[in-house]
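This briefing concerns a predicted model. It treats a strand pairing, a pocket and the confidence of the prediction in turn.

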Amino acid sequence: MVPLPSFLASTFFLIFPLIFSVVIFLILRPKRKSIETRKLPRSYPLLGTYLAASANKHRRNQWFTELLQNSPSSTFVIKHLLGPRQILTGNPAVVQHILKSNFPNFGKGDAFRVNVTDFLGDGIFAVDGQAWKFQRQVASHEFNAKSLRKFVETVVDAELHARLIPILAGAAAGDGGSGLLDFQDILQRFAFDNICKIAFGYDPAYLLPSLPESKLAVAFDAATKITGERSMSLIPLMWKIKKFFNVGSQRELAEAVAVVREFALTVIREKKKELAENSSLDSVDLLSRFLSSGHSDDKFVTDIVISFVLAGRDTTSAALTWFFWLVSTHPRVEREILSEIISSEKKSSAAEEGGTGGGGSVYEEVKEMVYTHAALCESMRLYPPVPSDSKHAANDDVLPNGTAVKKGERVTYHPYAMGRLEVIWGKDWPEYRPERWLKWDEAAKKWSFVARDPYSYPVFQAGPRICLGKEMAFLQMKRVVAGVVRRFRVVPAVDEGFNPVFLSYLTAKMKGGFPVKIHERSINC
Ligand code: HEM
């Protein structure tokens, strides 16, 4: 018989290693994650999610999309180096909370202002509270129905017929060599001329057949890009050091901003002179409106017009670049758009001949293009001109999905990722399908547009700060589509299997431009 003490000893030596191994195994075994959360990056003490962010910094939008597609409740917390948290969301309830229900708590915030103030000063994009409210109020007159009508019928149509269409016709005829155009560049030039006319009442004539260099446009581009890079920087201290020593990108930014501000000041002084000489001047531009309402401080007015040029410059051109890419690769959609253009043209000339007064204007014609409207919404779902936008919490809060937010933390909603979420758009989200925005009215034999709630589709933001230029943007884009598609086919000059890369700074771009050939349509097709 084994004595009791030695039995206990041998049991201990047998059992203890077993228990020890089980405990170690339980601690170290890979955590069982749901299929969804397994794809999310690990967060380490002090480093946070920096390693994953750094590895994905060249495909930031795509990475954010994967995070949100794989996150339960479409919300994910990124932990930056040394601790700051950023909440990333594609959840419509959270978007509604920050943009509307708890709007006062989620402004641009000081952290954002530090990034943009060198370029935007105290312009509408950079400020909150009273300063924002006032600018919004005065500017909103520029966007009433009467001004919008005037905008399409004068500014947009002049640029379309005198500049864009002749350039496309020249390219189709093979003038000036290969006939190859960078359509993204052409559309940016178009939008730049347009917005300068609206904001300043000044025509930079950037869209000319010679495709001239413009010091102003180049400076605007550089300032937008470098300011956008500040906001995306993983280690913000780096740009602050460069700024302090006035070197590298931050020196470039200072030089670009100086060009933009000097230009704005010259125009403002000329405009003041004009208004002083003729107080009843019938100017529709924003600058005249601010000056006539008694705001003559040069810095204040400069800040305002810079924000507006930024707002109107790259947004519509980005939207149209991706629209033409999608339409040119979806012939069925192109046919629908063309047939809508032809039928609205017919209706319009019939109304003109019949003198019914119910139609005939370019403005009415554009407003009726429901299918084209849906095709634009659908292309911006997949390629939003402003792919992400951030707010900063003024006070602690809890978001509708339960995520706690501390004062000062950044909450980013992500329209690019949201356009790719199955929970919002269904399994066929990758498909470009304008019909998801339309309902067929059998009695009237026509499509009617079905809007989505703006928190599931915050491409123009939503709530009190919704884009002021939304309607103007649609009018401009539809007019361009009608003018271009009616007469030309835009054919991508790219290799088989080409897949354009979506890039963004403050606004989106197609990496490397959009090379196309232009073909004139035969008039009846
Ligand atoms: C497809 C075209 C456009 C898109 C997708 C778009 C989108 C947006 C977005 C997302 C914002 C919110 C930005 C933020 O608060 O950080 C915004 C604000 C704004 N947009 Fe647009 N925009 C477009 C065209 C335009 C145009 C043509 C104008 C006119 C000049 C314009 C004027 C403004 C203004 C003034 C604001 C600031 C509103 C405020 O803070 O109260 N936008 N836009």
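In this predicted model, strands β9 (residues 438–441) and β10 (residues 446–449) run antiparallel and are joined by four bridges. Together, β9 and β10 form a hairpin with four residues between them.

**The hairpin**
- Asp441 has Lys446 of β10 opposite.
- In the turn, Lys445 has a positive phi of about 55°.

**The second largest pocket**
- The volume of the second largest pocket is about 670 Å³.
- Its lining comprises 24 residues, of which Lys57, His58, Glu229, Met232 and Ser233 are the closest to the centre of the pocket.
- At least two lining residues come from each of the helices α2 (50–55), α3 (60–70), α9 (215–232), α10 (237–245) and α11 (248–277), and likewise from strand β12 (502–504).
- Helix α9 contributes the most to this lining, with four residues.
- By residue class, the lining of the second largest pocket consists of 10 nonpolar, eight polar and six charged residues.

**Confidence of the prediction**
- The model has an ipTM of 0.99 and a pTM of 0.88.
- Across the protein chain the average pLDDT is 88, and 89% of the residues reach at least 70.
- Over residues 23–37, pLDDT stays under 50.
- For residues 23–37, the model has six contacts beyond four places in sequence.

Technical notes
Residues are numbered from 1 along each chain as its sequence is written. This is a predicted model: local features need pLDDT of at least 70, side-chain atom pairs count only at pLDDT 80 or more; totals for chains, interfaces and linings use all residues. Side-chain values use heavy atoms; hydrogens and water are left out. Two strands pair if DSSP finds at least two bridges between them. pLDDT is the predictor's confidence in each residue, from 0 to 100. Contact means heavy atoms within 4.5 Å. On a 1 Å grid over the protein atoms alone, a cavity is a set of points where a 1.4 Å probe fits but cannot get out, and a pocket is an open set with protein on both sides within 12 Å along at least five of seven lines; lining residues have an atom within 4 Å of a point. Grid points are joined across faces, edges and corners, and a volume is the space filled by probe spheres set on the points. Ala, Val, Leu, Ile, Met, Phe, Trp, Tyr, Cys and Pro count as nonpolar, Asp, Glu, Lys and Arg as charged, and the others, Gly among them, as polar.
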